[in-house]
Amino acid sequence: MSSELPPPSLTHLNASGEVHMVEVGDRPSTRREARAEGCIRMQPEVLALVLEGRAPKGDVLAVARVAAIQAAKRTWELIPLCHPIALSGVEVVIEACSDGSGLRLEASARTTGSTGVEMEALTAVQVGLLTLYDMLKSADPAMTITGVRLLSKSGGRHGAWQRDD
C-alpha cells in the first residue's frame, strides 16, 4: 500500500465552483474501514494517575472511549458535508505513548456502504482526546493534543491506502 495520493480534485465543489454535498447514491456498496490516531501529551505525574486509575474524575479512559464512539456516530451532524453513515463497528484503543509522554488514542470505524469512514475515525480521535483533556485539565492545563492523522483506509473507488511513516 502506498501513501501516494491521486491528483487533487475538490469533489465538494460543483461545475460552478459552489459547495454541494457529493452524490454517492450511484456508487457501489463496499466494505469500508478507516483507522486514525492522535496523542495527548501530559505531565508524567498525570499520566501515572490515569494509568493507576486514580484520576480525580474517575475512569477517564472509559469515558473517553464512549465519547469517541459517540462522536463517530454523530460525525455527519458536526461536519457540514458528511453523509450520515450506518456504522457497523467502531473500536477505540487508548494506551500510554511508547515514550511515556502521554496517551495515544486509536480509533477505527467500519461500514458497508457507498462512502468512506475516514471522517468518522478522525472525529472519534479528536473527541476522545478532547474528553481526556476535559477530564484531566485541572491536573495539567498545559496538556497538548498532537499528531491526529489518518493511518489507513480501505474500500471504495480508491481502494486501500496506508500511511508509510
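Student: Why is Ser152 called buried?
Tutor: The model is predicted, so local features need pLDDT of at least 70 and side-chain atom pairs count only at pLDDT 80 or more, while totals for chains, interfaces and linings use all residues. Residues are numbered from 1 along each chain as its sequence is written, and side-chain values use heavy atoms, with hydrogens and water left out. Now, buried means under 20% relative accessible area, exposed means over 50%, and partly exposed is in between (1.4 Å probe, protein chains only). Ser152 has a relative accessible area of 13%, so it is buried.

Student: Where does Ser152 lie, and what is it in contact with?
Tutor: Ser152 lies in strand 4; strands here are DSSP runs of E with at least two residues, helices are runs of H or I with at least four, and both are numbered from the N terminus. Contact means heavy atoms within 4.5 Å. Leaving aside neighbours within four places in sequence, Ser152 is in contact with Glu33, Ala34, Arg35, Trp161 and Gln162.

Student: What makes strand 2 and strand 3 a pair?
Tutor: Two strands pair if DSSP finds at least two bridges between them. Strand 2 and strand 3 (residues 102–113) are joined by 8 bridges and run antiparallel, so by that definition they pair.

Student: What does the side chain of Ser29 reach?
Tutor: It reaches the backbone nitrogen of Gly113, at 3.4 Å. A polar contact is a pair of N or O atoms within 3.5 Å; within protein, one must be able to donate a hydrogen and the other to accept it, and residues adjacent in sequence count only if both atoms are side-chain atoms. Ser29 is found in the segment before strand 1.

Student: Which residues have the most contacts inside the largest nonpolar core?
Tutor: A nonpolar core is a set of buried Ala, Val, Leu, Ile, Met, Phe, Trp, Tyr and Cys residues joined through side-chain atoms within 4.5 Å. The largest has 33 residues, and Met42, Ile94, Leu103, Leu132 and Leu136 have the most contacts inside it. Helix 4 gives the most to this core, with 8 residues.
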